[in-house]
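The sequence and model come first, and the notes follow by topic.

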Amino acid sequence: MRQSQLFGKTLRETPKDEVSANAQLLERGGFIFKNSAGIYSYLPLGWRVFEKIARIIREEINALGAQEIFMSALVEKKYLDATGRWDVDISFEARGKKEKSAGFVLGWTHEEVLTAIALKYINSYKDLPLAAYQIQAKFRNEPRAKSGLLRGREFIMKDLYSFHSSESDLERYYEKVKEQYYKIFNRCGLKTIYTLAAGGIFTSSNTHEFQVLSPIGEDTIFVCSKCEYAENKEISKLKDGDKCPQCDGKIKKENSIEVGNLFPLGTKYSDAFNLQFTNQKGEKERVIMGSYGIGLGRTIGTIVEVYHDDKGIIWPESVAPYKFHLIELESSGQEVKKQAEKIYKTLFDKGLEVLYDDRDDKTAGEKFADADLIGIPNRIIISEKTLSKNSIEIKKRNESKTSLIQISKFVKNS
Ligand SMILES: [Zn+2]
């Protein structure tokens, strides 16, 4: 991609209405556009990061045997009436009072809708277990939407739902989802802590969260410094400095960001919709369910909170919008430009992801500042100086050292 043609430009000034690092850096870097408080549009750079994370999630969730679907964003009253959740005050009316009275909200959750769908296709124990997920926008009227992508009024989630013939089968699946979640977050560069949590309004039993330690986090967890056993403050009786209930380690109080969650739903939804299956003895039984979420925007926001310095974002390679940032410093003559174009074409033809700073109206200082802000992991600089040695200069975003590499050698090895 040529930076001169990129839709979305870097901003010099920090947006005054944003307090969190993720919102400030993502807006300044041209990744997102703020439509309203807690509502953002993804620009091409941001959408590339989003798609990388979505791909990691799809690979790991598909490996569980779950199948991707896509449910409607508009949810009719009859679905939420079944569980008494129509009047939950986090919902947005679909379009003013008129539509609400007609009976639609913008979906803030999809358990009811999927249970209603499952009702049509689950009849026998042979149909179980079954799992489906979607990656879709959710809408919640969030009064505290001021942490950028960490807490939105519209946000995109991966929500996975599983259906089982027994509690033990749900437990087996729950453990498998947990393992996949570790893999997903590891691949995104995030170290997560599996945390025991309360059910909130979603379920009555204990749930689990994947938490990332961060000073900006709105959650508080008590975590063992040795074995990483953790409990959310909401339910915990632990205190800072306590002995860990699982080992001889010490408990520490930490702020954290919840990036994923797991809910054993039991029969809450199958009771509401009378979702039953016929067991091997020919008897009817309620289907047992679980649901499992990951906020994609929140994952992006968390990565930025964890990986940035005072100059900008430092993307882990797995989720970076591009692998290489090729920067041409054209001081005089056309030779630098010619060589840069050649390298760009070579990398592009090889299918490597390159953002090419071909802008003629920017100084070297401006190009470097933008590169630091955007945070692509590998920087390639070509200038008169490097060209005089038939070389390019390579620098990693998270390292200060630079190295010269012969152009021919770089092209051959990349
Ligand atoms: Zn411990």
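Which arrangement do the four donor atoms around the zinc ion make? The angles they subtend run from 102 to 116°, which makes the arrangement tetrahedral; four donors count as such if all angles lie between 85 and 135 degrees.

The model is predicted: local features need pLDDT of at least 70 and side-chain atom pairs count only at pLDDT 80 or more, while totals for chains, interfaces and linings use all residues. Residues are numbered from 1 along each chain as its sequence is written, and side-chain values use heavy atoms, with hydrogens and water left out.

**Overall**

- The chain's secondary structure comes to twelve helices and 23 strands, taken as DSSP runs numbered from the N terminus (helices: H or I, at least four residues; strands: E, at least two).
- The C-alpha trace spans about 80 × 55 × 45 Å along its principal axes.
- Of the chain's 414 residues, 52% count as buried, where buried means under 20% relative accessible area, exposed over 50%, and partly exposed in between (1.4 Å probe, protein chains only).

**Zinc site**

- The SG atoms of C224, C227, C244 and C247 coordinate the zinc ion at 2.2 to 2.4 Å; donors are N, O and S atoms within 2.8 Å of the metal (3.2 Å for Na, K and Ca), and water is not among the atoms, so sites may look incomplete.
- Along the chain these donors follow the spacing C-x2-C-x16-C-x2-C.
- C227 lies in the loop between strand 11 (219-224) and strand 12 (230-232), and C244 in the loop between strand 12 and strand 13 (251-266), so the pair ties together parts that are 17 residues apart in sequence.
- C227 counts as partly exposed at 38% relative accessibility, whereas C244 is buried at 2%.

**Second largest pocket**

- This pocket has a volume of about 240 Å³. On a 1 Å grid over the protein atoms alone, a pocket is an open set of points with protein on both sides within 12 Å along at least five of seven lines, a cavity is a set where a 1.4 Å probe fits but cannot get out, and lining residues have an atom within 4 Å of a point.
- Grid points are joined across faces, edges and corners, and a volume is the space filled by probe spheres set on the points.
- Its lining consists of K9, T10, L11, R12, R28, R359, K362, E366, A369, D370 and L373.
- Helix 10 (residues 364-374) gives the largest share of that lining, four residues.
- By class the lining has three nonpolar, one polar and seven charged residues (Ala, Val, Leu, Ile, Met, Phe, Trp, Tyr, Cys and Pro count as nonpolar, Asp, Glu, Lys and Arg as charged, and the others, Gly among them, as polar).

**Cavities**

- There are two cavities of 30 Å³ or more.
- The largest cavity holds about 70 Å³ of space and is lined by Q3, L6, G8, K9, T10, G29, R359 and I374.
- The lining of the largest cavity divides into two nonpolar, four polar and two charged residues.
- The second largest cavity holds about 30 Å³, and its lining is L26, F31, I32, Y42, G46, V49, L149, I300 and W315.

**Helix 2**

- Helix 2 (residues 44-62) has 19 residues and should span 27 Å at 1.5 Å a residue; its end C-alpha atoms are 26 Å apart, which agrees. The expected span is 1.5 Å times one less than the number of residues.
- Its buried residues are L45, G46, V49, F50, K52, I53, A54, I56, I57, E60 and I61.

**Backbone and loops**

- Most residues other than glycine have a negative phi, and most peptide bonds are trans.
- The peptide bond from L128 to P129 is cis, with omega near -5°; P129 sits in the loop between helix 5 (111-121) and strand 7.
- E228 has a positive phi, near 65°, and lies in the loop between strand 11 and strand 12; E228 is partly exposed at 33% relative accessible area.
- N390 also has a positive phi, near 55°, in the loop between helix 11 (384-387) and strand 22 (391-396).
- A145, in the loop between strand 7 (130-139) and strand 8 (154-164), is buried with a relative accessible area of 15%.
- The C-alpha atoms of A145 and F410 are separated by 46 Å, with the two residues 265 apart along the chain.

How values were computed: Four donors count as tetrahedral if all angles lie between 85 and 135 degrees; four count as square planar and six as octahedral if opposite donors are over 155 degrees apart and all others between 65 and 115; anything else is irregular.
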